[in-house]
Number of protein chains: 2
Amino acid sequence: METMNEIGPTHRRRGDALRRAILDAALELLGMVGYGQLTMEGVAARAGTGKAALYRRWPSREELVADALGDALPSPAAVPVSGEVRDDVLALLECMRTAFTSTHGAAFQAVKADGGPGAGLLHSVVQQRVVEPCERLVLDALRRGAERGQVRPDAVTTKMARVGPAMVIHHALTDGSGMSDDYLASIVDDVVLPLVRP
Amino acid sequence: METMNEIGPTHRRRGDALRRAILDAALELLGMVGYGQLTMEGVAARAGTGKAALYRRWPSREELVADALGDALPSPAAVPVSGEVRDDVLALLECMRTAFTSTHGAAFQAVKADGGPGAGLLHSVVQQRVVEPCERLVLDALRRGAERGQVRPDAVTTKMARVGPAMVIHHALTDGSGMSDDYLASIVDDVVLPLVRP
């Protein structure tokens with residue numbers, strides 16, 4: 001352990017810290033200039049490093065921005081799993097709500113306002129890093145619920161797993177106001193659970 | 001009738017035909033240059049009329065474009081009403097699907113690709129002219145269903161009326177492929193109806 005601390009992990013920490021500094025610089029710059037005006041040079045300068053350090057990690061500006069935005073979103077994989085289908089589904093819908101709230105931050109707003117390719121990239125980052133994983137995890141929660149007899153086996157389908165997320169997306173797109181805890185709970189209690197209960 | 005044909009309606013038809021020509025010109029121009037580059041002068045020239053004819057009808061470019069895009073979308077109010085809650089809800093979800101399909105047209109694609117204010121305008125046109133009316137009409141269909149005993153009275157809520165539309169929006173946003181008739185029918189049969197049935 002002592003030896004590793006002296007050599008390996010120290011280097012690795014430095015690498016992680018640099019990666020973090022680059023992603024933070026990219027996010028800050030996105031918030032200031034939008035996607036259209038962001039350059040690898042600008043991010044490197046802001047992070048106090050060289051372009052080579054960026055290109056070693058991200059082959060293109062698009063992949064750097066996707067990681068910078070993605071890192072600012074909550075991670076569905078980190079949502080804790082309980083023994084109750086209600087709690088599991090609710091926690092995943094809360095993760096989606098947090099993701100949509102996160103996109104009100106300066107970097108996300110600048111990318112959206114900028115429109116064009118940046119807006120499409122943002123949409124796919126939210127989709128791939130939050131919406132799709134959450135839907136897969138809701139399906140897993142339904143499957144575990146079926147094993148415990150809380151869910152009908154024939155309700156363990158991608159369609160049923162989509163209903164809760166679809167309601168959260170609908171609210172995020174159509175209602176300017178925040179999504180209350182009560183509304184989230186009512187999606188689970190009045191819509192998702194009645195559809196999948198034995 | 002003869003007299004009216006000679007005076008009133010003839011004038012009105014001319015007015016409608018001019019309005020139609022202006023909206024068509026605006027749509028064509030949107031498809032060619034996007035929202036950012038579209039001008040009232042350009043639309044007037046393409047429609048073979050003057051700027052004054054446009055400003056008499058639309059106080060701003062934004063309102064002209066909203067009407068041009070909105071007119072290219074299906075009208076929820078035109079969806080026929082039957083005596084069956086299943087048919088009524090399905091017809092309204094089909095109207096939404098047609099609306100999302102319509103936005104694959106050149107004008108919509110150009111406005112989306114253009115990003116920025118045009119993309120926001122497009123979102124609100126689809127929202128105001130299709131999504132919101134469809135949801136209100138689904139709620140009406142549930143209400144009529146409740147009167148006939150096909151729907152639980154306590155399921156006649158805006159939340160329940162949103163479930164079907166939310167599933168259609170979800171598909172339009174997350175799945176590149178077309179929405180099949182079978183999928184639409186399964187939203188009604190496996191999701192909406194089981195939630196509202198007595």
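## A salt bridge across the interface

B:Lys159 pairs up with A:Asp190 in a salt bridge, with 2.7 Å between the closest N and O atoms; the term calls for a side-chain nitrogen of Lys or Arg within 4 Å of a carboxyl oxygen of Asp or Glu. The count between chain A and chain B is 2 salt bridges. On the chain A side, H7, H8 (116-147), H9 (158-174) and H10 (181-196) each supply at least two residues that touch chain B. H9(A) gives the most, with 10 residues. Helices here are DSSP runs (H or I, at least four residues), numbered from the N terminus.

This is a predicted model, where local features need pLDDT of at least 70 and side-chain atom pairs count only at pLDDT 80 or more, while totals for chains, interfaces and linings use all residues. Residues are numbered from 1 along each chain, chains are lettered from A, and side-chain values use heavy atoms, leaving out hydrogens and water.

## How the chains meet

In all, 23 residues of chain A are in contact (heavy atoms within 4.5 Å) with 23 residues of chain B. 100% of the interface residues of chain A are also interface residues in chain B, so the copies meet through the same surface.

Which residues of H7(A) (106-114) are buried? They are A:Ala107, A:Phe108, A:Ala110 and A:Val111, buried meaning under 20% relative accessible area and exposed over 50% (1.4 Å probe, protein chains only).
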